Amino acid sequence: MNVLSLCSGVGMLDIGLKLAVPQSRTVCYVEREAFCAAVLVSRIKDKTLDDAPIWDDVTQFPSNEWRGVVDCIIGGFPCQPFSVSGTRGGVNDPRHLWPAISEIVDIIKPEYCFWENVTGLLTTRTPDGRYAYEIVRDDLQAMGYRVEAGIFSAEEVGAPHRRERIFILAHSQRAGTRSEIRSTRGQVGSQDVRPR
């Protein structure tokens, strides 16, 4: 399974995916932060991450060149627009990259997409009154994906802190199977994610 990693950070989603799906291979990383890109280079050199090019701007990514090559797109798109520790500018924040990411998904049309973000995605309203998560879900569904989401905490895997995050899995309905995400707190379905 060939993976495109958007907003790669330091490659933690890539490492997690490799643990869960050993046959996965990241074929390109997209990361604009210099520090994170340097960590990606180091992890490629020490073979922690797959050797692949690092692109520096998701808004200028040449999606057409990757259509038919990528089976899965993953990413932790910027959380600052939705984080409770920020100004919560939401879709008006210049760091809001979902529109560019959505366009990449629509062009490449991978079988799977897997996203991570803060739970503020569930509580930040957009100008049209929807929650930011609903924009992500609705965009993916409009492209023909079945969307499942779950809230997971670092505590669930043994960390001493809670650090909750929402994970979103989208599976192409063209493939005809159902994918789910489960947590010890229970599964949150595509229509069941609600703000707290």
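Predicted model: local features only at pLDDT ≥ 70, side-chain atom pairs only at ≥ 80, totals over all residues.
Local features are reported at pLDDT of at least 70 and side-chain atom pairs only at pLDDT 80 or more, whereas totals for chains, interfaces and linings use all residues. Residues are numbered from 1 along each chain as its sequence is written, and side-chain values rest on heavy atoms, with hydrogens and water left out.

The model contains an open sheet of 7 strands in the order β3-β2-β1-β4-β5-β7-β6, with mixed pairing; helices (H or I, at least four residues) and strands (E, at least two) are DSSP runs numbered from the N terminus, and two strands pair if DSSP finds at least two bridges between them. Strands β3 (54–55) and β6 (145–153) stand at the edges with a single partner strand each, so that one side of each is left without a neighbour in the sheet. Strands β5 and β7 run antiparallel and are joined by 7 bridges, and Cys 113 stands opposite Ala 170 in β7.

Helix α1 (residues 12–20) packs on the sheet, where it touches β1 (2–6), β2 (25–30), β4 (72–75), β5 and β7, contact meaning heavy atoms within 4.5 Å. The direction of α1 makes about 135° with that of β4; axes are lines fitted to C-alpha atoms, for helices over the stretch in contact, and angles run from 0 to 180 degrees between N-to-C directions. Helix α4 (residues 132–142) lies across β5, β6 and β7, running at about 150° to β6.

A search of the whole structure finds 7 aromatic pairs, in which rings of Phe, Tyr and Trp (its six-membered ring) have centres within 6.5 Å, and planes under 30 degrees apart count as stacked, over 60 as edge-to-face and the rest as tilted. The ring centres of Trp 55 and Phe 61 are 6.0 Å apart with planes at 90°, so this pair is edge-to-face. The rings of Phe 114 and Phe 167, with centres 5.7 Å apart and planes at 20°, are stacked. Phe 114 lies in strand β5 (residues 112–118) and Phe 167 in strand β7, so the pair ties together parts that are 53 residues apart in sequence.

Arg 165, in strand β7 (residues 164–172), is buried, with a relative accessible area of 17% (buried means under 20%, exposed over 50%, partly exposed in between, with a 1.4 Å probe and protein chains only). A polar contact of 3.4 Å joins the side chains of Arg 165 and Glu 116, the term denoting N or O atoms within 3.5 Å, where within protein one must be able to donate a hydrogen and the other to accept it, and residues adjacent in sequence count only if both atoms are side-chain atoms.
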